[in-house]
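Here are my notes on the model you sent. They run from overall shape to one side chain.

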Amino acid sequence: EPIRSEGTLALSGVKIPTVFQYVQGQFNFDLPTGTIDAKVPYRFDMGTSPMDFTVSDAFLHLADVGLVEKGNVDPVISIPSFGIDGIQVDLRQHKVSIASISLANASDHVWLNPDKILNLQALFAPVESGAAVERPISTTSPKEPAKEASPWSVAVKEVQIKNHTIRFEDRSLSSTMQAKVVVRSARSHDLAWPIKGPIPLTVDQTINDTGTFTLDGQMVVSPFQADFTLALKNLGLAPFEPYLEQATRVGIDDGSLDIDGSFHLA
């Protein structure tokens, strides 16, 4: 008295489906596979006001996560490896810092339906709840507004994606267009929320196995501005013929596209 504690909370090999079953009714998808590993060294002291609570050098790792539409078995999103490392939390200072966020070897199956809506939009849309619950009207006088706490800040040192495969289909066309994009590497660093400065971004990816696309530069969120150098090499045009079919009677049997330059938008 007062209560103080210092220790470590650890999870190892916790099955995600076991946890998800308690909240699955709130989502339009299922999580039939996946495990969680986590380690959270913590310290708190309730003898201070506000309470002193810190987390130091924690991590959260997800493995072999598969996300499917309800009633289906084929995963729309597969995540073999996702990690958040070097997590620091300070409750009194309202600060969170993260050393790295990494995603490796994931794959997505994305398609545009005939109604021009992406399948992921429906997948992650809020589940419609039942009839609204009527709340009693309060007859008590309003309380004094609480003193506004300082806003939370979040800093992330590095974000990295490796070997992320996206298979895309445009089913809104008379002939379905199919494309395969492999993000070999995407990186950003020194990110902060609230967002103040520019966000750096570097991307290296392939398109339909033969084309390559690289992008390097930065963007500012408010007011929005983007400045990038980009290069597109040997992008085969034949797979994109369904877009031409909507407006012309021209077919593409072969050919490729190269672009090299800089991009500015403000």
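1. The radius of gyration here is taken over C-alpha atoms, and the globule rule is 2.2 Å times the number of residues to the power 0.38. For a compact globule of 266 residues that rule gives a value near 18 Å; the protein has 24 Å. Along the principal axes, its C-alpha atoms fill a box of roughly 80 × 45 × 45 Å.

2. On provenance: this is a predicted model, where local features need pLDDT of at least 70, side-chain atom pairs count only at pLDDT 80 or more, and totals for chains, interfaces and linings use all residues. Residues are numbered from 1 along each chain as its sequence is written, and side-chain values use heavy atoms, with hydrogens and water left out.

3. The protein has three helices and 12 strands. These are DSSP runs, numbered from the N terminus: helices are H or I with at least four residues, strands E with at least two.

4. Of the 266 residues, 26% count as buried. Buried means under 20% relative accessible area, exposed over 50%, partly exposed in between (1.4 Å probe, protein chains only).

5. Contact means heavy atoms within 4.5 Å. Among contacts between residues at least 6 apart in sequence, 56% join residues at least 24 apart.

6. Look at histidine 164. It lies in strand β7 (residues 153–170). Why is histidine 164 classed as buried? Because its relative accessible area is 10%, and buried means under 20%.

7. Which residues does histidine 164 touch, leaving out those up to four places away in sequence? They are Leu103, Ala106, Asp108, Val181, Val182 and Val183. With aspartate 108, the histidine 164 side chain makes a side-chain polar contact of 2.7 Å. A polar contact is a pair of N or O atoms within 3.5 Å; within protein, one must be able to donate a hydrogen and the other to accept it, and residues adjacent in sequence count only if both atoms are side-chain atoms.
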